[in-house]
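Please read it alongside the sequence and the coordinates.

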Amino acid sequence: MKKSFDAAEFPREEVRTAIAKGIQQAEEQANRRQSPLQMKRKSKPLLYVASVAAAFSIMVGSAAYVSPTFASTLSQLPIVGSVFSNYEFLGLKQVSEQGLTSLIGEKHTINGISVTIDEVLYDESNITVGYTIDSEKELSIEYFGAGLEFTINGANPVANSVSFGKKVVGPTVQTVIARFDVKDQMPDSFKMGLMLEGKEGEKWEFTVPVKKITNTIYVPVNYQQQAEGIQLDVSKISLSPSGIALDYKATEKGTIDNPQVGASFIEFRITDQNGKEITSHSSGGEGHFDNDVWNYSSIKSFHPISDDVQQLTITPYLALPSGEGGVQGVETKIPFDRSALKEVNFQSFTVDVPKQTK
C-alpha cells in the first residue's frame, strides 16, 4: 500500500537571503584559514537556517559564486535530520526533534545521482528511513523502480507492508520516507542493509546501525470479542513519542481460494476521553490459511498522544476497499464482492493511559 504526500511550499526568497548570509559568514571563516574540519563543524549549522530540505538545491547553486574549495565543501555536507521534520507525520517530527532517531548522513554518488540516508527510526510498529536524492539531471518518477529494499543483519525479513512518501523539492531533488512494517521477531538493535536500484543499473548500497527507541510504555489489553464469525484479539498497545502501536490478531473460517474474508479488512478508530480522534497511519498486515481458518495479524500505528490524555476508546471496524479486487500470487486476480461480506458491529473498549506517560 502506498501513501502519497503533497510537496510542501517553502519561502524561496527568505531561503535565498538566509543562504546568502550563511555563505558570507562561512567565506569569512575560510579566509581566517581554519582547517577543513573546523569549517565543516561551524558551517553545518548555517545550512539549517532555512529549516527545510528544499533549501539544498539552492545552497549548492549559490555556492558556485564563492571559492571552488568552499563550494565543494558545501555540496558534500549531508542534510542530516531534515527529512523527518518536513513530513506531516507528527510522530516523526516529535522523535526527530527529541533526538530519538538514528542520524546517519551517509551519502553515495553514482552517475551524478547522490543518495543520502539521513535518518532512521525503529519503534514498536515500523522501521522508517528518510533519505534524500539529489541528481545532476531531472529524473522520472519511475527511475528508482520499486524503491528502497532492506535486509536485517544480512538476512531478508518478512515485511507485512512497505509504504513510501515522496516530496519533490525541485526538478532534481526529492526527499523520501520509506516505512517498513516487519513481521519477523526483531532484535533491539541490528545492522540494516539498504539498497536502491536505478533505471540505468545503478545500485546505491548502505549498511547502517539501527536501535529501537527505549522510552516506550507497554499497556497490556488482552481484549477479545467475537462478531459475525470473526474472532478478534487485541493483546496490547504501546505508547511512545513516535505514536501508538496496537497489536492484534483476527481469525475467520474460509476457503483457501478466497482470502477476502471480513477479518482481513479490520481497522481501528481511537479517540481520547474528550472524543478527539487519534490519526491513524495503518498499513497492511499478514495473513495465512490453516485448517480451514484464515489468520490475520498486524501492528497498527497512530499519532502520538498529548500529555493530557487519560483514557483511550478503541473501536474496531471493517475498512472495505472501494476497488474491484486484488491479486493473489503472480497472475491470479481476485474479484472483490462487497455483497459477500456481512456488516460487522464490533464493540468499543477503553484503555486507561498510565500516568507515567505524562
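**Salt bridges and cavities**

1. A salt bridge (a side-chain nitrogen of Lys or Arg within 4 Å of a carboxyl oxygen of Asp or Glu) joins lysine 300 to glutamate 267, at 3.2 Å from N to O. Lysine 300 belongs to strand S15 and glutamate 267 to strand S12 (residues 266–272), so this contact ties together parts 33 residues apart in sequence. Helices (H or I, at least four residues) and strands (E, at least two) are DSSP runs, numbered from the N terminus.

2. This is a predicted model, in which local features need pLDDT of at least 70 and side-chain atom pairs count only at pLDDT 80 or more, while totals for chains, interfaces and linings use all residues. Residues are numbered from 1 along each chain as its sequence is written, and side-chain values use heavy atoms, with hydrogens and water left out.

3. Lysine 300 is buried, its relative accessible area being 3%, and glutamate 267 is buried at 15%. Here buried means under 20% relative accessible area, exposed over 50%, and partly exposed in between (1.4 Å probe, protein chains only).

4. The count of salt bridges comes to 4. Among them is the pair of glutamate 124 and lysine 212, whose closest N and O atoms are 3.6 Å apart. Glutamate 124 sits in the loop between strand S2 (113–122) and strand S3 (127–135), and lysine 212 in the loop between strand S8 (203–211) and strand S9 (217–227), so the pair connects parts 88 residues apart in sequence. Both residues, glutamate 124 and lysine 212, are buried.

5. Glutamate 124 also forms a salt bridge with lysine 236, with 3.8 Å between the closest N and O atoms. Lysine 236 lies in strand S10, 112 residues from glutamate 124. At 28% relative accessibility, lysine 236 counts as partly exposed.

6. The structure holds 8 cavities of 30 Å³ or more. A cavity is a set of points on a 1 Å grid over the protein atoms alone where a 1.4 Å probe fits but cannot get out; lining residues have an atom within 4 Å of a point. Points are joined across faces, edges and corners, and a volume is the space filled by probe spheres set on them. The largest cavity contains about 160 Å³ of space.

7. Lining the largest cavity are 22 residues, with Asp123, Arg179, Ser242, Gly243 and Phe302 nearest its centre. Helix H5 (90–97) and strands S10 (230–240), S11 (243–253) and S15 (293–302) each supply at least two lining residues.

Terms used
1 Å grid on protein atoms, 1.4 Å probe; cavity = no way out; pocket = protein on both sides within 12 Å on 5 of 7 lines; lining within 4 Å.
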